[in-house]
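Biologist: I have not looked at this one before. Could you walk me through it?

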Amino acid sequence: NETMLHPSIAPTVALIDDAEEIHEFDAYTALLLNVTLIGCVLLAYYIKINRIYYIPESGAAMLIGVFIGGIARFAVDDLTLFSFSPEFFFFVLLPPIIFEAGYSLKRKHFFDNIVSTN
């Protein structure tokens, strides 16, 4: 029967090419993330060792983020890697920041300023 459809391998080849592109993109993403984290750790170490007091470690990490974001803005056409959702910030990043601030807060300082919190 000549009208019978024969499966082709063309869709499979296209899917493999797409998977390879996605894998390559993910590899570059992982490399960029690791380089950023290593840069933040090294800069924090440098600030602590050299006793640089005019910029905190978190400020230096933000400067690294601004620097890499600026490079990405001009060098990359597709910025989906750098998208940032408010839900991720409020549910994942903000609670540890608040917890650390409360954990490191001196009780005396809190009660000295309790009137201004009302």
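Predicted model: local features only at pLDDT ≥ 70, side-chain atom pairs only at ≥ 80, totals over all residues.

Biologist: Which residues in α2 are buried?

Modeller: In α2 the buried residues are Gly-59, Ala-60, Ile-64, Ile-68 and Ala-72. As for the helix itself, α2 has 19 residues and spans 27 Å from its first C-alpha to its last, close to the expected 27 Å.

Biologist: Changing topic, how much space lies in the largest pocket?

Modeller: The largest pocket holds about 840 Å³ of space. It is lined by 21 residues, and those closest to its centre are Leu-33, Thr-36, Phe-84, Phe-88 and Leu-93. The elements that each give two or more residues to this lining are α1 (10-49), α2 (57-75) and α3 (86-103).

Biologist: And what is that lining like by class?

Modeller: By class, the lining of the largest pocket has 15 nonpolar and six polar residues, with no charged residues.

Biologist: You mentioned α3, so where in α3 is the kink?

Modeller: The kink in α3 lies at Leu-94, shortly before the proline Pro-95, and amounts to about 45°. From first C-alpha to last, the 18 residues of α3 reach 24 Å, which is close to the 26 Å expected at 1.5 Å a residue.

Biologist: On to charges, how many salt bridges does the structure hold?

Modeller: The structure holds two salt bridges. In one of them, Lys-48 pairs with Glu-57, with the closest N and O atoms 3.6 Å apart. In the other, the side chains of Lys-108 and Asp-112 meet at 3.0 Å, N to O.

Biologist: Where do Lys-108 and Asp-112 lie?

Modeller: Both lie in helix α4 (residues 107-112), where Lys-108 and Asp-112 are four residues apart, or about one turn of the helix. As a general point, an α-helix has 3.6 residues a turn, so residues three or four places apart point the same way. Lys-108 and Asp-112 are both exposed as well.

Biologist: Back to the other pair, why does Lys-48 count as exposed?

Modeller: Lys-48 counts as exposed because its relative accessibility is 59%, and the cut-off for exposed is over 50%.

Biologist: One last thing, what is the phi of Arg-51?

Modeller: Phi of Arg-51 is near 50°, a positive value in a residue other than glycine. In general, most residues other than glycine have a negative phi. Arg-51 sits in the loop between α1 and α2, and at 61% relative accessibility Arg-51 counts as exposed.

Technical notes:
Residues numbered from 1 in each chain as written. Heavy atoms only, no water. Salt bridge = Lys/Arg side-chain N within 4 Å of Asp/Glu carboxyl O. Buried < 20%, exposed > 50% of the residue type's maximum accessible area, 1.4 Å probe, protein only. 1 Å grid on protein atoms, 1.4 Å probe; cavity = no way out; pocket = protein on both sides within 12 Å on 5 of 7 lines; lining within 4 Å. Points joined across faces, edges and corners; volume = space filled by probe spheres on them. Nonpolar A, V, L, I, M, F, W, Y, C, P; charged D, E, K, R; others polar. Expected span 1.5 Å × (residues − 1). Bend = angle between axes of the 7 residues up to and from the residue.
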